[in-house]
Amino acid sequence: MKKIISVLTATRAEYGLLKPVIKKLNKIEDFDVRLVVTGAHLSPEFGLTYKEIEADEIYIDEKIEILLSSDTPSSISKSMGLAMISFADYFSKLKPDLLIVLGDRYETLAVAMTAMNQRIPIAHMHGGETTEGAIDEAIRHAITKLSYLHFASTDEYRNRVIQLGEAPDRVFKVGATGIENIINEPLFTKEELELQLGISLDKKYAVVTFHPVTLENSTTKDQIIELLEACKNKDDINFIITKANADADGRVINTLIDYYASNTSNIYAYTSLGLKRYLSALKYCIMVIGNSSSGIVEAPSFGVPTINIGDRQKGRIQASSIINCEPKKEQIMNSVEIAISDSFLNIAKNTINPYGEGNTSDKIVRIIVDFLGNNKINLKKKFYDCEAK
């Protein structure tokens, strides 16, 4: 009998990172892979990004709507409640042998809690990382404790998962699938990308993504205005902006992005670029700006500078191509000048990405085949005690 593997995705970025794993698992005869789609994927406001999955000809087993049309902390909690109710029914019907999740989303935590209650083993990608400015920090570590198999992107992150009490023989350093996508995804030419975006790319441009800093109170509006004002004042550069996730205050950011894009000649707004357009945009840009993990993990592999704004990604391992600055207009503009200097462009061009070499999905699939094929999963985990310092 085939082993049923359920894979969860709730956001555009998450799907892109899961895609190579899904495709390779689908090739294994002994596995029945079921992709379940939820969250922002199913929202017109966030671009109905499940259509990208369908365009990739990856079968969607179920679409489960949980997202409320609000982004207050209360509505986030209610969406988590809806997720637990809906996925309780889904898991009762499907009875998967393994659930694969990635990262640190609130939707993922709710689904992982539901799977735990139904004694479904969980495999977690990108555990052990730190993002000190976001609620994702606590969510990620909570998912680690709910999970059985752990696929960390660096040695330091693997060690941190072990520090949380997970046994070393269940924690694996595998790198990041984002690097694999850069190597293997057939990207657009610059001319094709122009047609896809509907704009000319003759002028040098930056790619911008900014999400709410969810552990700060009432800073979102001020921070995105500082960023957008900095972009507006650098009129020798175009700024291609992808909108924020469905987080608390995400709609505040997106409303202001739309306003500036409508009233500023060098700002262009997109609800979602999708994996291929996004990576293609990174390939030809002069820099990446914002507070998204893609500026830390993927951008260095293109040899372009990243301006990382504020505390959202604080604590992540960084390549030498990253400039950190406060969410203030003048600091952002000064950082842009540093990023385009010959000396820093040379640093970015020669940087070494610490997140792997592009063979992550092969490692993950081999480990899953071993654990499921040899019945090595025992949910009665023992807490692994590290020596106190």
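1. Arginine 119 lies in the loop between helix 4 (106-117) and strand 5 (122-125). Helices (H or I, at least four residues) and strands (E, at least two) are DSSP runs, numbered from the N terminus. Phi of arginine 119 is near 60 degrees, a positive value in a residue other than glycine. At 65% relative accessibility, arginine 119 counts as exposed; exposed means over 50% relative accessible area, buried under 20% and partly exposed in between (1.4 Å probe, protein chains only).

2. The model is a predicted one, in which local features need pLDDT of at least 70 and side-chain atom pairs count only at pLDDT 80 or more, while totals for chains, interfaces and linings use all residues. Residues are numbered from 1 along each chain as its sequence is written, and side-chain values use heavy atoms, with hydrogens and water left out.

3. Histidine 126 also has a positive phi, near 70 degrees, in a residue other than glycine. This histidine 126 is placed in the loop between strand 5 and helix 5 (136-146). At 10% relative accessibility, histidine 126 counts as buried.

4. Six strands form an open sheet in the order 10-9-8-11-12-13, with parallel pairing. Strand 10 (267-270) and strand 13 (322-325) are at the edges with a single partner strand each, so one side of each has no neighbour in the sheet. From one strand to the next, the twist averages 20 degrees. Two strands are taken to pair if DSSP finds at least two bridges between them.

5. Within this sheet, strand 8 (residues 205-209) and strand 9 (residues 238-242) pair in the parallel sense over five bridges. Valine 208 stands opposite isoleucine 241 in strand 9.

6. Helix 9 (residues 220-233) packs on the sheet and touches strand 8, strand 9, strand 10, strand 11 (287-290) and strand 12 (306-309); the direction of helix 9 makes about 135 degrees with that of strand 10. Helix 10 (residues 250-263) packs on the sheet too, touching strand 9 and strand 10, and its direction makes about 140 degrees with that of strand 10. Axes here are lines fitted to C-alpha atoms, for helices over the stretch in contact, and angles run from 0 to 180 degrees between N-to-C directions. Contact means heavy atoms within 4.5 Å.

7. Threonine 209 is found in strand 8 and, at 6% relative accessibility, counts as buried. The side chains of threonine 209 and threonine 242 are joined by a polar contact of 2.7 Å. A polar contact is a pair of N or O atoms within 3.5 Å; within protein, one must be able to donate a hydrogen and the other to accept it, and residues adjacent in sequence count only if both atoms are side-chain atoms. Leaving aside neighbours within four places in sequence, the contacts of threonine 209 include Arg12, Tyr278 and Asn291.

8. Histidine 211 lies in the loop between strand 8 and helix 9 and counts as buried at 4% relative accessibility. The side chain of histidine 211 reaches the backbone nitrogen of asparagine 245 at 3.1 Å. Histidine 211 and alanine 246, 35 residues apart in sequence, are 9.1 Å apart in space, C-alpha to C-alpha.

9. Where does isoleucine 253 lie? Isoleucine 253 is in helix 10, and at 0% relative accessibility it counts as buried. Beyond neighbours within four places in sequence, isoleucine 253 is in contact with Phe210, His211, Pro212, Thr220, Ile224 and Ala244.
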